[in-house]
Amino acid sequence: MTLSTAFTEMLGVRHPIALAPMGGSAGGALAAAVSRGGGFGILGGAYGDPEWLAREVPVVASTEGPWGIGFLTWGIDLAAVELALSYGPSAVMLSFGDPSPYAAHVRRAGALLIVQVTNLEEAKQAVDLGADVIVAQGIESGGHGAVRGRSTLPFVPAVVDLVAPVPVLAAGGIADGRGVAAALVLGAAGALVGTRFQATTEALIDPSISQAILEGRGQDTERSTVLDIARGSRWPSKYPARTLRHPYLDRWRGREAELAADPQVRQAYQDDVARGAVPPLPVWAGEAVDLIDDLPSAEDLVTAMATQAQDALTRAGSN
């Protein structure tokens, strides 16, 4: 069973499902499992750490299926992109920031260029840069996103209409095959899935994070810059992050400027982590976290999601 789309044909994969390149959790084993399952595995290259790439790339590169590397565009330089390209990925994905300094290098190397966008202006820029695939990210997504983003349901078809015929992947609030089917109905050529793939046996996360995702609910998630400020993260403030509940959110909500001005907060946060008062990392989770109640292999999960998507589309077509 396959769901053939412009994305599956372009990448040579069986299913229109891609792994979000989540920094810290989308390592080689997870990306490889997604690719083995017939989806498109993308490593979470984040800031382009050479040691991390040297360790994780061979794991995914050993699979027969296509795979890619994703970066945080605001946090990298050309050297990181060139290093990634030297490994021969099928695609490079750029998210959060201006992709223009790197687009030509990716295309010249023969890799496909995937650009994630959070508004229509970014979508138009991605088309002008020659993006092969565009990811339309809605604010339901876990982790970081635009402070003035839009919901997935209305945003995806708007991007599809604007960038046609460039294929679009929907992202944000998709955690099962029904979400994949919905993305296809909206005109997308597939879905980019994050939180659901965190809760798999191959994800590079602490068991406590897995358990928090299994127990989490959509109403427990919140978009904020508080945890980035408290952690001393370099993330730009225009990209708040959706996470599960956290003591620092309750303590500093609405007091972000005061938090940023307090030089002792970072040490206090690290002290709280050391004594177990707060989790070692925020639990990045999207609004679809309610739909996650098990920890399967990502390889099996891709197949299950594709089957459920096909069933959902078949039922919709018969009504």
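## Close-up views of a predicted model

**View 1. A salt bridge joins aspartate 294 to arginine 196.** Their closest N and O atoms are 3.0 Å apart. Aspartate 294 sits in the loop between helix 14 (265–274) and helix 15 (298–318), and arginine 196 in helix 9 (residues 195–198), so the pair ties together parts that are 98 residues apart in sequence. The model is predicted. The two partners can also be described by accessibility. Arginine 196 is buried, at 4% relative accessible area. Aspartate 294 has 35% relative accessibility and counts as partly exposed.

View 2. Are they buried or exposed? Aspartate 128 counts as exposed, because its relative accessibility of 54% is over 50%. Lysine 124, at 43%, counts as partly exposed.

**View 3. Arginine 55 and glutamate 56 meet through their side chains in a salt bridge.** The N to O distance is 3.1 Å. Glutamate 56 is buried, with 8% relative accessible area. How many salt bridges does the structure hold? The total is 14.

**View 4. Glu222, Asp250 and Arg253 belong to a network of salt bridges.** Salt bridges link these three residues. Strand 10 covers residues 222–224. The loop between helix 10 (207–215) and strand 10 holds aspartate 220, shown in the next view.

**View 5. Aspartate 220 is a buried loop residue.** Its place is between helix 10 (207–215) and strand 10 (222–224). The relative accessible area of aspartate 220 is 17%. That value is under 20%, so aspartate 220 counts as buried. Which residues does aspartate 220 touch, leaving out those up to four places away in sequence? They are Thr243, Leu244 and Arg245.

**View 6. Helix 2 (residues 28–36) packs against helix 15.** The axes are 7 Å apart, and the angle is about 40°. Helix 2 and helix 15 are therefore oblique to each other. Their crossing is right-handed. Which residues meet here? Helix 2 contributes Leu30, Ala33, Val34 and Arg36. Helix 15 contributes Ala298, Glu299 and Val302. By class, the contact of helix 2 with helix 15 has five nonpolar and two charged residues, and no polar ones.

**View 7. Helix 4 (residues 78–86) and helix 5 (residues 100–108) cross at roughly 20°.** The two axes come within 10 Å. That angle makes helix 4 roughly parallel to helix 5, because the class takes angles under 35 degrees. The crossing of helix 4 and helix 5 is right-handed. From helix 4, the residues in contact are Leu78, Val81, Glu82 and Leu85. From helix 5, they are Pro101, Tyr102, His105 and Val106. The contact of helix 4 with helix 5 has six nonpolar residues, one polar and one charged.

**View 8. Phenylalanine 96 has a positive phi in a loop.** Phi is near 65°, and the residue is not a glycine. The loop runs between strand 4 (91–95) and helix 5. Is phenylalanine 96 buried or exposed? Phenylalanine 96 is buried, with a relative accessible area of 10%.

**View 9. Alanine 46 has a positive phi in strand 2 (residues 41–46).** The angle is about 50°, although alanine 46 is not a glycine. At 16% relative accessibility, alanine 46 counts as buried.

**View 10. A cis peptide bond runs from alanine 164 to proline 165.** Omega is near 10°. Where is proline 165? Proline 165 lies in the loop between helix 7 (152–163) and strand 8 (168–171).

Key. Residues are numbered from 1 along each chain as its sequence is written. This is a predicted model: local features need pLDDT of at least 70, side-chain atom pairs count only at pLDDT 80 or more; totals for chains, interfaces and linings use all residues. Side-chain values use heavy atoms; hydrogens and water are left out. Axes are lines fitted to C-alpha atoms, for helices over the stretch in contact, and angles run from 0 to 180 degrees between N-to-C directions. Helices (H or I, at least four residues) and strands (E, at least two) are DSSP runs, numbered from the N terminus. Angles under 35 degrees count as roughly parallel, over 145 as roughly antiparallel, 65 to 115 as roughly perpendicular and the rest as oblique. A crossing is left-handed if the near helix is turned anticlockwise from the far one by less than a right angle, and right-handed if clockwise. Contact means heavy atoms within 4.5 Å. Ala, Val, Leu, Ile, Met, Phe, Trp, Tyr, Cys and Pro count as nonpolar, Asp, Glu, Lys and Arg as charged, and the others, Gly among them, as polar. Buried means under 20% relative accessible area, exposed over 50%, partly exposed in between (1.4 Å probe, protein chains only). A salt bridge is a side-chain nitrogen of Lys or Arg within 4 Å of a carboxyl oxygen of Asp or Glu.
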